[in-house]
Amino acid sequence: MARDTTGSSAPEVWTTVAQSQTRCGQLRTAGRSIGVVPTMGALHDGHLSLVRASLAQCDFSVATIFVNPTQFGPHEDLRQYPRTWDADFEQLSQLGVDAVFAPSVEEMYPEGATTVVSPPEIARPLEGKFRPGHFEGVATIVLKLLLAIPADRAFFGQKDYQQSLVVQAMVRDLNCPVQVEVLPIVREPDGLAMSSRNRYLSPTERERALALYRTLQDARKWLEQGERCGETLSRKMKATLQPAADSIDYAVVVDAQTLTTLTPLSTSTQVVALIAAHVGTTRLIDNLLISLPASPNDSET
Ligand code: AMP
């Protein structure tokens with residue numbers, strides 16, 4: 001079926017789980033594949049790249065907009081998290097998304113709903129350590145969204161690298177019948193990873209925030225030069241980041257699948273450099289996937 005890309009037909013808006021499940025049932029009966037893009041709104045080009053991928057790969061694409069309270073800690077930014085429905089809906093309409101699922105908090109967490117998803121092991125380090133309870137909230141809401149929208153494919157960003165591993169492990173462990181797609185990080189022209197939280201940054205903080213990506217690139221350079229000790233890499237990353245960041249939660253290079261620290265004898269060929277740091281009061285995360293030759297000396301042979 002030809003897609004209307006003129007933006008002239010507005011997306012369907014679903015606000016209840018029942019509505020969403022009924023419509024998805026009809027679509028599936030009609031043999032149409034469904035893509036879902038879970039977001040918390042305040043959309044930018046990173047989110048839109050996921051929507052474009054869904055539009056390209058699926059017959060019917062649903063973007064969800066839901067600021068999930070259970071993934072925020074008690075001292076985090078739930079209350080001031082940007083809510084920009086009009087702009088979000090306009091952008092999604094322009095792209096030609098087929099439906100927007102925008103439930104209320106009461107719809108997703110009705111009174112008395114106490115069941116939660118215990119997240120997989122991969123949720124323990126890094127974000128799991130610095131944001132206790134975060135991945136329980138993420139796993140629970142992602143599963144609930146996947147049940148509300150029984151999609152063929154679900155699209156996530158590498159920007160939240162550990163989250164993408166958590167979702168993939170949960171989908172595998174719980175036999176969710178959905179294909180998880182993880183898409184690359186979309187950056188501003190100067191390298192800053194796009195994030196809904198970037199709008200919290202003052203101009204000088206935004207300038208300082210560029211140190212995150214610079215540090216990730218430095219880590220890649222040190223790895224390319226043969227450094228394989230996780231502790232050394234982390235120490236050097238922190239030293240580079242320190243002058244720009246107000247505090248650093250972590251700056252590490254770890255195995256891309258297991259998130260375990262590299263040792264000089266590690267055989268990992270795919271690693272990921274990950275940073276979480278505060279600039280002003282804003283907590284930023286970024287990462288870079290890096291492929292290594294099997295041995296540091298490979299390039300010399
Ligand atoms: P959020 O609204 O922050 O929960 O993000 C919704 C989805 O968009 C998640 O899968 C994120 O990983 C993804 N995302 C956020 N920022 C970016 C980015 N800069 N590039 C690609 N994907 C992103």
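## Burial and the basis of the model

A residue is called buried when its relative accessible area is under 20%, exposed when that area is over 50%, and partly exposed in between, as judged with a 1.4 Å probe and the protein chains only. By this definition serine 268, at 16% relative accessibility, counts as buried.

The structure is a predicted model, in which local features need pLDDT of at least 70 and side-chain atom pairs count only at pLDDT 80 or more, while totals for chains, interfaces and linings use all residues. Residues are numbered from 1 along each chain as its sequence is written, and side-chain values use heavy atoms, with hydrogens and water left out.

## The surroundings of the ligand

The ligand is surrounded by 17 residues, and the closest are His47, Gly157, Asp160, Val186 and Met194; a residue is counted as near when one of its heavy atoms lies within 4 Å. By class, this shell holds nine nonpolar, six polar and two charged residues. In this classification, Ala, Val, Leu, Ile, Met, Phe, Trp, Tyr, Cys and Pro are nonpolar, Asp, Glu, Lys and Arg are charged, and the others, Gly among them, are polar. Elements β2 (34–39), α2 (45–57) and β5 (153–157) each supply at least two residues of the shell, and α2 gives the largest share, three residues. Such elements are DSSP runs numbered from the N terminus, with helices (H or I) of at least four residues and strands (E) of at least two.

A polar side-chain atom of aspartate 160 is 2.7 Å from a ligand oxygen atom. A backbone N or O atom of valine 186 lies 2.9 Å from a nitrogen atom of the ligand, and a backbone N or O atom of methionine 194 also lies 2.9 Å from a ligand nitrogen atom. The protein covers 92% of the 480 Å² of accessible area that the ligand has on its own; accessible areas come from the Shrake-Rupley method with a 1.4 Å probe, and for residues only the protein chains shown count as cover.

## The nonpolar cores

A nonpolar core is a set of buried Ala, Val, Leu, Ile, Met, Phe, Trp, Tyr and Cys residues joined through side-chain atoms within 4.5 Å. The largest such core has 48 residues, of which Val62, Phe101, Val142, Ile149, Leu259 and Leu274 touch the most other members. Helix α6 (residues 134–148) provides the largest share of this core, nine residues. A second, separate core of 29 residues includes Leu192, Leu210, Ala211 and Ala277.

Beyond its neighbours within four places in sequence, leucine 274 is in contact with residues including Leu126, Tyr161, Leu216, Met237 and Leu259, where contact means heavy atoms within 4.5 Å.

## Charged residues in loops

Arginine 131 lies in the loop between α5 (127–130) and α6. Arginine 131 is buried, with a relative accessible area of 10%. Leaving aside neighbours within four places in sequence, its contacts are Gln71, Phe72, Glu76, Arg197 and Arg283.

Lysine 159 is located in the loop between β5 and α7 (161–173) and is buried at 14% relative accessibility. Not counting residues up to four places away in sequence, lysine 159 touches Ile185, Ala193, Met194, Ser195, Ile285 and Asn287. Aspartate 152, in the loop between α6 and β5, is partly exposed at 28% relative accessible area. A polar atom of the aspartate 152 side chain lies 2.7 Å from the backbone nitrogen of isoleucine 34.

Most residues other than glycine have a negative phi. Asparagine 175 has a positive phi, near 55°, and sits in the loop between α7 and β6 (179–183). Asparagine 175 is exposed, at 64% relative accessibility. Leucine 259 has a positive phi near 60°, lies in the loop between β7 (247–255) and β8 (270–279), and is buried at 6% relative accessible area.

Serine 268 also belongs to the loop between β7 and β8. Its side chain is joined to that of aspartate 255 by a polar contact of 2.7 Å. A polar contact is a pair of N or O atoms within 3.5 Å; within protein, one must be able to donate a hydrogen and the other to accept it, and residues adjacent in sequence count only if both atoms are side-chain atoms. Apart from neighbours within four places in sequence, serine 268 is in contact with Asp255, Leu262 and Leu292.
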